[in-house]
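Let us take a walk through this structure together, one region at a time. Please have the sequence and the 3D view at hand.

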Amino acid sequence: MKRWWLWIGLALISLLLVGVVYAQGGEVTKDDINRVAKQLYCPVCENTPLDVCETQACADWREQIGELLAAGYSDQEVINYFTERYGDRVRALPRQAGFALWVWILPVVGTLAGIGIMIQLFRRWMGRRTVATATIPVEPSPVRASSDLPEDYVARLERELREWE
Amino acid sequence: MIPDVGYLAMVTALVGAVYATIASLYGFFKGEERWVNSARHATMTLAPLLGLSSLTLIYALVVGDFQLKYVATTSSRDMPLFLKVTALWGGQNGSLLFWSFLMASFTFIVMLRRWDEDRELLPHVIFVTAGTLVFFVGLTTFVANPFEKLSFIPPDGQGLNPLLRHPGMVAHPPTLYLGYVGFVIPYAFAMAALVTRRTDPHWIRVTRRWTLAAWLFLSLGLLLGGRWAYDVLGWGGYWAWDPVENAAFMPWLTGTAFLHSVMIQEKRGMLKVWNMVLIILTYGLVIFGTFITRSGVISSVHSFAQSAVGPLFFSFIAVTAVASVATLLRRLDDLKSENRLDALLSREAAFLLNNMLFITLTFSVFIGTISPMVSELVTGEKITVGPPWFDRVTAPQFALLLALMGIAPLMAWRKTAAQRLGRSLWWPFLIAVVVVIGLFLRGVHSWGALLGFLLVTFVGVTTLWEYVRGVIARRRARGEPWLVAFWRLAGRNRRRYGGYIVHLGVVCMALGIIGTEFFQQDTEGTLRPGESLEIGGFRTVYRTLRTYPGPGDLIVTEATVEIYQGDQLLKTVHPKREFYQNTQQTMTIPALRSTMAEDVYVLLTGWESGGATATFRVYINPLVNWLWLGGLIFVVGTLVAGWPDFEAERRMVMPRLTIAPQQV
């Protein structure tokens, strides 16, 4: 027992390693699995997320996710693992590359086109102001048969009514 | 024997529809009234014929005439009566016949109306409605025949897909179909108006109730579908951005835009081209929606070519789209705006923005829906576009629409002074900010959720105030009690206040959606009896498990779970799994404990050794019942907006006749 400090050192290091292993894997809960499975789609069923799919195949895949998580894979690494094996269709969110990039670009393009069309229309419609419109002129009629309301009050009334609707 | 009668009736209807289409066109070109009249009568025979046809199919389903292929695939001896009847729309062929019957019925009603004021529109309305029927009844006669016979008689049928064996199956498809079919009528009138150059708002006025009814049914169909999914499909939610869901949602979006946009044409003679575009889009999307629901084309391109239905639908949509757009382009000059835009801060501008937002939203949903199919065509590999994509892309657009919904009703026609608008908006905005600060302090830190709550409060307050303001004015003028004033106000101006009620419904629905989208929690775990799962402050304790046979081939496994909050037992629920032996299909039916604050949603996902352990998944869905409540308010509001006001309409018509003759 001459080099007692060596033994203690080894013991400490082992404890440390054990601690590291525990920190990495630990207990993988069903919730952890679902967290990842939610971001994946069943590779064979139609439009079914992996966390709700009830087939045996999906149950197996969920178990596989659990194994990968326990082995220290991060969420994104698990997703990549599945994508490599089963193709892009397992990703709920399309990649931002390849064909799938269009899926992201097109709505933006569409919105920009929409804004552009709107600006054009506004310009065109506001540019030419017509003189003759279908609205009723404002001046109150000079003949007021039975009204005993003051004229300016009536004018204000009509102005505000027009503004209303 | 009886189904043969049904087949004959269906074929006769096809012949009648073909005749009506040709006769109406011939009568129009020759200018001969009697051909158009004949076409009208022929069109009116279609509803009774297709009704008879549908009835014989229902008879075959109820009685169990399994020699009919359709009955063999959708019905079975052990199904309850109501399910046998609903099997009419449970499979492709039957549902196409049902669609045709609904279309024919609506057309029948349209043929009955007084055509004195717009006789020239009749031939074209007949052409479009009968033409659409030619397509659908042609499909059911040649390609998707519900009366097709097998060469032998099976002893029993396969029965309806277990997913469809619930009361939600009764209401959801018919209401959705009524919505689809209802939109064909305004489309027919729009096309008639274009061709005959009667592009004044007349066609809008006469189809206003049709549009509202179609829109109501479509909204109801979507709501019922969501509720059915939530109650029965067992994945904790109500909307999955599934292609079939999207196919029903897109015509709703363009239909909503159309519903609003036509108001501008009525009031100011503007946005005429927009209205045509919107109704043409809605019609196309309605056909597309029917097609997607019935074929699996979006899921897999391969199923597209398996039956002729796919390519035929596709061709029909293409042909009608080209014809509609061509007609529109030819008559573009007739659709010039009568008025100009006076200011950016005006109701007209707000409606234009509204149209734009709905269209870009529809476009985004469309891209997401067809991309899997297109990617398979182009790259050979299919991608999935799931809810995370849709949420990300549509959320900003929905937020903008919600904001617009609050501001636009406060804008005046032609021009609103910015100060005036500001004066009406600053205090609701302040209230909303205060609410958001409060929520932030209570722990809500998600920016998206905070923005959502801000908008919901803002729009809710402004819309509510518009209504209350009217009630106050009425009370001041007439001294009515609150409730009476409330009721009479809506009664006097149904379009306006019905609209406000609908908007309030939307606000409540938005609240429910924000709650579930941002704050849903879930947990899953395996329990022994007495053990529990904890989530969101609730504790779900597993007690017992039992298995028992249900009707027919059904086996039910049911768990008893107690839901606690703290030490208080809130409710005992029974989540279960239904197993259908014939088709080897399982359904996971959730058990709910519902309050306005949240739903505790419990699913039984597995078990071992007869219940020694059982696995549960528990969701907490905050605010979800605001969604359903909002839906109810929405429906009420639409009814208020559309309810006929015979007295007011008479008043509206009379003055027009007494004032000096104007061009109509």
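Which are the buried residues of α15(B)? They are P428(B), A432(B) and V436(B), where buried means that 20 or more other C-beta atoms lie within 10 Å of a residue's own, exposed means 12 or fewer, and partly exposed is in between, with C-beta atoms placed from the backbone. Before we go on, a word about the model: it is predicted, so local features need pLDDT of at least 70 and side-chain atom pairs count only at pLDDT 80 or more, while totals for chains, interfaces and linings use all residues. Residues are numbered from 1 along each chain as its sequence is written, and chains are lettered from A and ligands numbered from 1 in the order in which they are written.

Stay with α15(B) for a moment. Helices (H or I, at least four residues) and strands (E, at least two) are DSSP runs, numbered from the N terminus. Helix α15 of chain B covers residues 418-441, and its 24 residues should span 34 Å at 1.5 Å a residue, which agrees with the 33 Å between its end C-alpha atoms; the expected span is 1.5 Å times one less than the number of residues. There is a bend of about 35 degrees at L425(B), and the proline P428(B) follows within four residues. That bend is the angle between axes fitted to the seven residues ending there and the seven starting there. The buried residues of α15(B) pack against α16 (447-478) of chain B, with contact between two residues meaning that their C-beta atoms, placed from the backbone, lie within 7 Å. Just after α15(B), G443(B) has a positive phi of about 115 degrees.

Next comes helix α17 (residues 482-492) of chain B, whose buried residues are A485(B), L489(B) and A490(B). They sit on the same side of α17(B), because they cover an arc of only 125 degrees around the axis; the arc is that of the directions from the helix axis to the C-beta atoms. Turned away from this buried side is a face with the exposed residues L483(B) and W487(B). The buried residues of α17(B) pack against α16, α18 (494-519) and α19 (624-642) of chain B.

Now zoom out to the domains. Chain B is divided into domain 1 (1-165), domain 2 (167-396), domain 3 (399-519 + 630-658) and domain 4 (521-624), with bounds that come from an automatic or database domain assignment. In chain B, 23 residues of domain 2 are in contact with 22 residues of domain 3. On the domain 2 side of this contact, α8 (202-233), α9 (243-268), α13 and α14 of chain B give two or more residues, and α8(B) gives the most, with seven residues.

Inside helix α7 (residues 168-196) of chain B you will find G182(B). This glycine is buried, with 25 other C-beta atoms within 10 Å. Leaving aside residues up to four places away in sequence, G182(B) touches F106(B), W210(B), A213(B), A214(B) and F217(B).

Finally, look across to the other chain. The contact takes 41 residues from chain B and 36 residues from chain A. On the side of chain B that touches chain A, α13 (347-379), α14 (387-407), β1 (521-527) and β7 (585-589) of chain B give two or more residues. The largest share of that side, 14 residues, comes from α13(B).
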